[in-house]
Amino acid sequence: PRRMSSQLYTNTNGRLAVVMVGLPGTGKTFTARNLSRSLRWLGVRTRTFSVASYRRSYLLEQGDVVSATADFFDPTHMGCLRVRTEIAEKALGELLAWLGGDGGGQVAILDGSNTIQARRDTIEQKLRANKVQCVFLECIYKDQSEHFEGHVEELLLTCPEYAGWPTERAITDYLLRIQHYTLNYQPLTANPPTCGFLQLVNGGEQLIVERVNGFLCSRITYYL
């Protein structure tokens, strides 16, 4: 049987939230899952909160077929924007409850796009109000269009909502979804947050580190 790591990191004062940032298909979920696995192996109580999973569950309950199309991510559609905000708030609320609960949560990873500065400001403020250290982790590609066009069929495999779709239709819809996100995308460096942040460039070719400190952050930086 596989032997799991015992609890090694026992500092109850250092709670940390890693907030993912980036367009769809840039490796956020892949990075979040592997980072979580690495920290748990070290004995750090870690959990990932996937906004996409919350979205799929919520809309499945509502029987909303629009959730599987790019229209749901159209920033000009106020109704869908409201629903996306509510879903993101639910994920953040459960993240805070887990970190503040009796289970002794130490590192929570918020896996979502968080591409708009106003949204990141709200997240940072709520984390600070709950005495949780915040660090942003942005996954970016220097040539976004080349990356997406060259890997779009591979990227579709990460989206369960496209299961059973004709390939060409799925590709068209997925690229439109990315366009919707790109429209209002504000990189971290456009107006850097007050907390520390990291940028994982081109899938790991380069790592940019700004104002990141502390034991947990040092382990995350080392892993990346």
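Which residues touch the most other members of the largest nonpolar core? In this predicted model, they are Leu95, Leu110, Leu127, Phe136 and Tyr174, out of 43 residues in that core. Helix α3, residues 78–100, supplies the largest share of the core, 8 residues. To see the packing around one member of the largest core, look at Leu110. Leaving aside residues up to four places away in sequence, Leu110 touches Val18, Val19, Met20, Phe49, Val51, Ala91, Leu92, Leu95 and Ile123.

Arg82 bridges to Glu86, with the closest N and O atoms 3.1 Å apart. Both residues lie in helix α3, 4 residues apart, or about one turn of the helix. Arg82 is partly exposed at 48% relative accessible area, and Glu86 is partly exposed at 40%.

Glu89 forms a salt bridge with Arg119, the closest N and O atoms being 2.4 Å apart. This pair links distant parts of the chain, since Arg119 is in helix α4 (residues 117–129) and Glu89 is in helix α3, 30 residues apart. Arg119 counts as buried because its relative accessibility is 18%, under the 20% limit. Lys126 also forms a salt bridge with Glu89, and together Glu89, Arg119 and Lys126 make a network of salt bridges.

Aromatic rings form 3 pairs in the structure. Phe72 and Phe73 pair edge-to-face, 5.3 Å centre to centre, with 90 degrees between the planes. Both Phe72 and Phe73 are buried. Ring pairs join Phe72, Phe73 and Tyr181 into a cluster.

Conventions. Residues are numbered from 1 along each chain as its sequence is written. This is a predicted model: local features need pLDDT of at least 70, side-chain atom pairs count only at pLDDT 80 or more; totals for chains, interfaces and linings use all residues. Side-chain values use heavy atoms; hydrogens and water are left out. Rings of Phe, Tyr and Trp (its six-membered ring) pair if their centres lie within 6.5 Å; planes under 30 degrees apart count as stacked, over 60 as edge-to-face and the rest as tilted. Buried means under 20% relative accessible area, exposed over 50%, partly exposed in between (1.4 Å probe, protein chains only). A nonpolar core is a set of buried Ala, Val, Leu, Ile, Met, Phe, Trp, Tyr and Cys residues joined through side-chain atoms within 4.5 Å. Helices (H or I, at least four residues) and strands (E, at least two) are DSSP runs, numbered from the N terminus. Contact means heavy atoms within 4.5 Å. A salt bridge is a side-chain nitrogen of Lys or Arg within 4 Å of a carboxyl oxygen of Asp or Glu.
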